[in-house]
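The following paragraphs are intended to be read beside the sequence and the coordinates. Please keep both at hand.

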Amino acid sequence: MLKIAKFGGSSVANAAQFAKVKHIIESDEARRFVVVSASGKEHKKDNKVTDLLYLIEAHLKYSVDYLSLFDLIKERFISIKTDLGLQYPIEEDLAKLQSELSKSMSTDYLVSRGEYLTAKLMAEYLGFPFVDAKDIITFRYDGKIDFDATNYRLDNFLKSHDCFVIPGFYGALPDGTVKTMARGGSDITGSILARLLNADMYENWTD
């Protein structure tokens, strides 16, 4: 039995939700491949990390100060790391991202960082290898998924790993440029993996 388990934003919103994910994964050894969305809302008045990243892009476009928005993102990820006692240097990734922010920055790259950072923390927490979606999920230049190229990259990774955590929502063009899917694209990432891995079941978890 092989199951692909995808967890939506509300399922990875904070340390308590991460703990629920770990319990779910460890309760069934068939759950060896995990897809995560970007950290979502902790409560109704909270913000999704992806929404904050889109807002930052708008602020950059119109030369409006974005630091308070970026601070919200930093607080979210550092809080999860601290509460779970993780070692991954998420602060370095956040500092790098902040240093890269500019009007010319790719929107797809910027908004994909929510999934990337969430998956980095989840991989350490579960004790699973992390694989960047841009190194597996491959788009053709017409915007459609190249299943042959994606399958080739997936097979290569699986030669040395039998499980992983992967960010949803994005992949890369043949030249390596990050490309996102439509909002909710993490569901698509999970379905692509389920197909290519011939999974017995694709589970789409929410809170």
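Phenylalanine 169 occupies the loop between strand S3 (164-167) and strand S4 (170-172); helices (H or I, at least four residues) and strands (E, at least two) are DSSP runs, numbered from the N terminus. This is a predicted model, in which local features need pLDDT of at least 70 and side-chain atom pairs count only at pLDDT 80 or more, while totals for chains, interfaces and linings use all residues. Residues are numbered from 1 along each chain as its sequence is written, and side-chain values use heavy atoms, with hydrogens and water left out.

Although phenylalanine 169 is not a glycine, its phi is positive, at about 85°. Its relative accessible area is 2%, so phenylalanine 169 is buried (buried means under 20% relative accessible area, exposed over 50%, partly exposed in between, with a 1.4 Å probe and protein chains only). A positive phi, near 50°, is also found at asparagine 198, again a residue other than glycine. Asparagine 198 lies in the loop between H7 and S6, and because its relative accessible area is 64%, asparagine 198 is exposed.

Leaving aside neighbours within four places in sequence, valine 111 is in contact (heavy atoms within 4.5 Å) with Thr50, Leu53, Tyr54, Phe169 and Thr180. Valine 111 counts as buried because its relative accessibility is 0%. Between the C-alpha atoms of valine 111 and phenylalanine 7, which are 104 residues apart along the chain, the separation is 18 Å.

The loop between H5 and H6 holds aspartate 142. A polar atom of the aspartate 142 side chain lies 2.9 Å from the backbone nitrogen of lysine 144. This is a polar contact, that is, a pair of N or O atoms within 3.5 Å; within protein, one must be able to donate a hydrogen and the other to accept it, and residues adjacent in sequence count only if both atoms are side-chain atoms. From C-alpha to C-alpha, aspartate 142 is 27 Å from tyrosine 202, and the two are 60 residues apart in sequence.

Helix H6 (residues 147-158) contains threonine 150, whose side chain reaches the backbone oxygen of aspartate 146 at 2.8 Å. Threonine 150 has 0% relative accessibility and therefore counts as buried. Not counting residues up to four places away in sequence, threonine 150 touches Ile136, Ile137, Thr138, Ile145, Ile192 and Leu196.

Attention now turns to helix H1 (residues 15-26), which has 12 residues and reaches 16 Å from its first C-alpha to its last. That span is close to the 16 Å expected at 1.5 Å a residue, where the expected span is 1.5 Å times one less than the number of residues. At the start of H1, a side-chain oxygen of asparagine 14 comes to within 3.2 Å of the backbone nitrogen of alanine 16. Buried in H1 are Ala15, Gln17, Phe18, Val21, Ile24 and Ile25. The buried residues of H1 pack against several elements, including strand S1 (3-7), helix H5 (107-126) and strand S6 (201-205).

The largest pocket remains to be described; about 310 Å³ of space lies in it. Among its 18 lining residues, the closest to its centre are Gly9, Ser37, Ala38, Lys48 and Arg183. On a 1 Å grid over the protein atoms alone, a pocket is an open set of points where a 1.4 Å probe fits, with protein on both sides within 12 Å along at least five of seven lines, and lining residues have an atom within 4 Å of a point. Helix H7 (residues 185-196) supplies the largest share of the lining, three residues.

Conventions: Grid points are joined across faces, edges and corners, and a volume is the space filled by probe spheres set on the points.
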